[in-house]
Amino acid sequence: MKNIFTLLLFSFSTVVFAQKKSVNTKANLKKTVAEKTTVPKVNSDLIKINDSIPALIPYKKEGKSGFINQKGKIIIAPVYSNVGFFTEDCNLLNSPNSKVQKFGSKEYASVRLDGEDYRMDQSGKRVYRFKEEDLGICPQQFKAQLFHAYILNKAYGIIEDSKFHDASDYRHFTIYPQFQYLHILEGDDLKNPMIIAVKNDQFGIIDVTGKVIIPFEYEDIKRNYSWKLGRLFEVTKDGENYFFIDIANKAY
């Protein structure tokens, strides 16, 4: 009888021990999962104030280029002869070398240093040097503009190709010729492009309705891809020192 009681007590102890071990194992598993679930650290220098423009903006000082953030803080020192926006590079995205295709993503920017071209990450590290054999062929993505500049009596206006037929009828013009110069910037919205305009020898930006988007207060506005790539305009007030402004005319 004593042996039977001892055996039962041993069996009960074994079950209790097994249950405790099981509970401890589950607790340890939860603890391990909790330890592995970490929140990614956010770089405060790359936090956007304006979501419509890049976190890092090309910046030039004393003839050299680098990057500032939206608060104007220098993030990547101006040591490069040229820099581009953090945007896709289709030649690398379509590279025959699969190992370098990732460097064609918008997480990287193209920069030039001592005559060599590189891709740089947002920390400022040069992660890839361009090689001719790595460059693929970009697919054709041409989209015809809906609007064009039109010169009449030495003044510039805007026409919509599909609606314009008679220059003698002012109603056929989207914007009747009245400016010293107009240039339609390339962008993603073909129906509402941004247009560089010159009036009284000053540069500004208008839309196809003639509404002034950027006041006529600049000596020059570059005809480049900054609007398409970064929704920014590259401007100068003295004809020498260029900087970027957004659509609200805020300078960077």
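Student: Which residues have the most contacts inside the largest nonpolar core?
Tutor: Leu185, Ile205, Tyr218, Ile221 and Phe233 do, in a core of 13 residues. A nonpolar core here is a set of buried Ala, Val, Leu, Ile, Met, Phe, Trp, Tyr and Cys residues joined through side-chain atoms within 4.5 Å. Buried means under 20% relative accessible area, exposed means over 50%, and partly exposed is in between (1.4 Å probe, protein chains only).

Student: Which elements give two or more residues to this core?
Tutor: Strands S12 (195-199), S13 (202-206), S14 (212-218) and S16 (233-236). Strands (E, at least two residues) and helices (H or I, at least four) are DSSP runs, numbered from the N terminus.

Student: Before I go on, what kind of model is this?
Tutor: It's a predicted model, where local features need pLDDT of at least 70 and side-chain atom pairs count only at pLDDT 80 or more, while totals for chains, interfaces and linings use all residues. Residues are numbered from 1 along each chain as its sequence is written, and side-chain values use heavy atoms, with hydrogens and water left out.

Student: OK, back to phenylalanine 233. What does it touch?
Tutor: Leaving out residues up to four places away in sequence, phenylalanine 233 touches Leu185, Met194, Ile205, Ile214, Ile221, Ser226, Trp227, Phe243, Phe244, Ile245, Asp246 and Ile247. Contact means heavy atoms within 4.5 Å.

Student: Switching to strands: which way do S1, S2 and S3 pair?
Tutor: Antiparallel, as an open sheet in the order S1-S2-S3. S1 (56-61) and S3 (74-80) are the edge strands, each with a single partner, so one side of each has no neighbour in the sheet. The twist averages 25° from one strand to the next.

Student: How many bridges are there between S1 and S2?
Tutor: Six, with S2 covering residues 64-69. For two strands to count as paired, DSSP has to find at least two bridges between them. Lysine 61 stands opposite lysine 64 in S2.

Student: What about S5, which way do its side chains point?
Tutor: They alternate along S5 (residues 109-113).

Student: What is the bridge partner of arginine 112 in S6?
Tutor: Aspartate 117. Arginine 112 also forms a salt bridge with aspartate 117, with the closest N and O atoms 2.7 Å apart. A salt bridge means a side-chain nitrogen of Lys or Arg within 4 Å of a carboxyl oxygen of Asp or Glu.

Student: New topic: how many aromatic pairs are found?
Tutor: A search of the whole structure finds 13. Tyrosine 150 and phenylalanine 164 make a tilted pair, 4.9 Å centre to centre with 50° between the planes. Rings of Phe, Tyr and Trp (its six-membered ring) pair if their centres lie within 6.5 Å; planes under 30 degrees apart count as stacked, over 60 as edge-to-face and the rest as tilted.

Student: Where do tyrosine 150 and phenylalanine 164 sit?
Tutor: Tyrosine 150 is in S8 (residues 147-152) and phenylalanine 164 is in the loop between S9 (155-160) and S10 (175-179), 14 residues apart. Tyrosine 150 is partly exposed at 24%, and phenylalanine 164 is buried at 15%.

Student: Which residues form an aromatic cluster?
Tutor: Phe103, Tyr108, Tyr128 and Phe130 form one.

Key:
Axes are lines fitted to C-alpha atoms, for helices over the stretch in contact, and angles run from 0 to 180 degrees between N-to-C directions.
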